[in-house]
Structure formats: structure tokens, C-alpha cells
Amino acid sequence: MLKPIQIVTPPLAANVYLLRSEIPALIDVGGDSAFLVDAVKKYMNPKDIEYVFLTHSHFDHASAAGDWKSWFDSKIVLHEKEFSLLKSQGFASYMFGIKFKPFEPDIMIKGGEVFDLGDIKLEVIHTPGHSPGSVCLYEREKKWLFSGDTVFPNGSFGRVDLLGGSSYELIKSIEKLTKLDVKNLYPGHEEEVIGNANEHIKTSLRFAKMFL
Ligand SMILES: [Zn+2]
């Protein structure tokens, strides 16, 4: 079984995951398209990437998507609320003074969809709070959760003070994640958790309730 490859990307160390499934995919793309191409080439031809799932639209996770889409033929998958947010901001992150290349998602999701990549199946779970259209991707059989910026290891969780963030929604979303059986957690920043991710997510819920 091929494990997800974690690629830590510039400029803010967002984690991209390369899935070497029968139908290959990326989860997030980071903010430096040239860097990502080089990193992916170590494992496969970037042209073979069928899907690019974006956990949300923040520039550190998603701003390389425009280049990626123009260079390769991957289908960009993004939550509809996240696309509205991007458009309303003109594909800019004013807070960080960054404007990024606009792109249209090929597949707009709402939550509940299942993508069959052959030996890996990804279920979309809408987890608003960090941003309105944040999603987590769940591999039910393998008990893997790709959590974007919703939850991180050791009880940490995504910030809610950016545009469209909501502490109420984030708590509800983390609650939803505690109902899943998760062994391995692949977060959008920081290290992976292998083996006891349920405990980490429960701690995130406890801390989020305490501090938000
Ligand atoms: Zn974010």
C-alpha cells in the first residue's frame, strides 16, 4: 500500500499530499507552482495527476492551482463557497499582499461526494469554520483523514479570524470529525499523526470549546 507523500511547500509550510493511487491525485498545491512540479516529479509525471483537491482557498494552500491547471490537465476540485470567496476577493489575499492567478474549478463540491481513485476512495466532508468552504477528505476503509486547516495534531485547530471564519462553525465541524474513526491524520500544516488520530481530534474539540 502506497502511503500518501507529504510535501511541505513554500511560502508558509502548507502540506501538500501526493496520492499515488491508481488514479493519482494531489491534496492542495501550496503557493509555489515551480517548487511543486519539481517535488512531484521525484515520484511521477505531473501530467498523470488526475485530480487536485483543494481543502480550502487560502493562498498558502491553493495559489499554485492556476499555474498547475494551465500546465497540466488535472481537474481542480473546490467547495462552491470557497470559490465564491475567491471571486469576491478577486483572487487576492489582501492580508498578505498576494494576488494569485485566477482559475475555475472543474468540479464544484458541497460535501458528501465520494471520489473513487481506485485503491483510495475519498469522501468529502464539509467542515466550515476556518473558512466557509473548508473540506476534509476521508478514506473510510483506511481510516485516513486529510484535515486541511480544520484540525492539527496535539489538540490544535485552525484560526477563525480570517474572512468567513466562524468559531461556532469550527466547533461544530470538529465535532463532526470526532464521529469518524480516524487512524492517520494528514493535516494542512505540521506533522502527520500515524495510529491514534482519534485522540488528537478529541483533544482539538476539547481545546476549541475551551478557547473559542
Ligand atoms: Zn487556511
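Predicted model: local features only at pLDDT ≥ 70, side-chain atom pairs only at ≥ 80, totals over all residues.

Student: What else can be read from Gly 90?

Tutor: One may look at its backbone angles and at its distance to other parts of the chain. Gly 90 follows H4 and has a positive phi, near 60°.

Student: Which residues of H4 are buried?

Tutor: They are Lys 81, Glu 82 and Leu 86. Seen down the axis of H4, these buried residues fall within an arc of 140°, so they line one face of the helix. On the other side of H4, Lys 87 and Ser 88 are exposed.

Student: What covers the buried residues of H4?

Tutor: The cover includes strand S5. Helix H4 (residues 80-88) lies across S5 and S8, and runs at about 90° to S5.

Student: How should I read the strands themselves?

Tutor: Strands of a sheet pair through backbone hydrogen bonds, either parallel or antiparallel. Here, strand S5 (residues 75-79) pairs with S8 in the parallel sense, over three bridges. In this pairing, Leu 78 stands opposite Met 108 in S8.

Student: What is the order of the strands in the open sheet?

Tutor: The open sheet has six strands in the order S1-S2-S3-S4-S5-S8, and its pairing is mixed. Its edge strands are S1 (5-9) and S8 (107-109), each of which pairs on one side only. Neighbouring strands of this sheet are turned by 20° against each other on average, direction ignored.

Student: Which strands pair with S11 in the antiparallel sense?

Tutor: Strand S10 (residues 121-126) runs antiparallel to S11 and is joined to it by four bridges; His 126 stands opposite Val 135 in S11. S11 also pairs with strand S12 (residues 144-148) in the antiparallel sense, over three bridges, and Tyr 138 stands opposite Leu 145 in S12. The hairpin of S11 and S12 has four residues between the strands, and Lys 143 there takes a positive phi near 60°.

Student: Which way do the residues of S11 point?

Tutor: Val 135, Leu 137 and Glu 139 point one way, while Cys 136 and Tyr 138 point the other way. Five of the five residues of S11 (residues 135-139) are buried.

Student: Which residues touch the most other members of the largest nonpolar core?

Tutor: In this core of 53 residues, they are Val 16, Leu 26, Val 29, Val 52, Ala 65 and Leu 145. Strand S2 (residues 14-19) gives the most to the core, with five residues. Among the residues that Leu 26 touches are Val 16, Ile 49 and Val 52.

Student: How many helices and strands does the protein chain have?

Tutor: There are six helices and 14 strands. The radius of gyration is 16 Å, close to the 17 Å that the globule rule gives for 212 residues, so the chain is as compact as a globular protein of that length. Of these 212 residues, 46% count as buried.

Definitions and conventions:
Residues numbered from 1 in each chain as written. Pairing = 2+ DSSP bridges. Helix = DSSP H or I, 4+ residues; strand = E, 2+ residues; numbered from the N terminus. Axes fitted to C-alpha atoms, helices over the stretch in contact; angles between N-to-C directions. Contact = placed C-beta atoms within 7 Å. Core = buried A, V, L, I, M, F, W, Y, C linked by C-beta atoms within 7 Å. Buried ≥ 20, exposed ≤ 12 C-beta atoms within 10 Å, placed from the backbone. Arc of directions from axis to C-beta. Rg over C-alpha atoms; globule rule 2.2 N^0.38 Å. Lists of a residue's contacts leave out its neighbours within four places in sequence.
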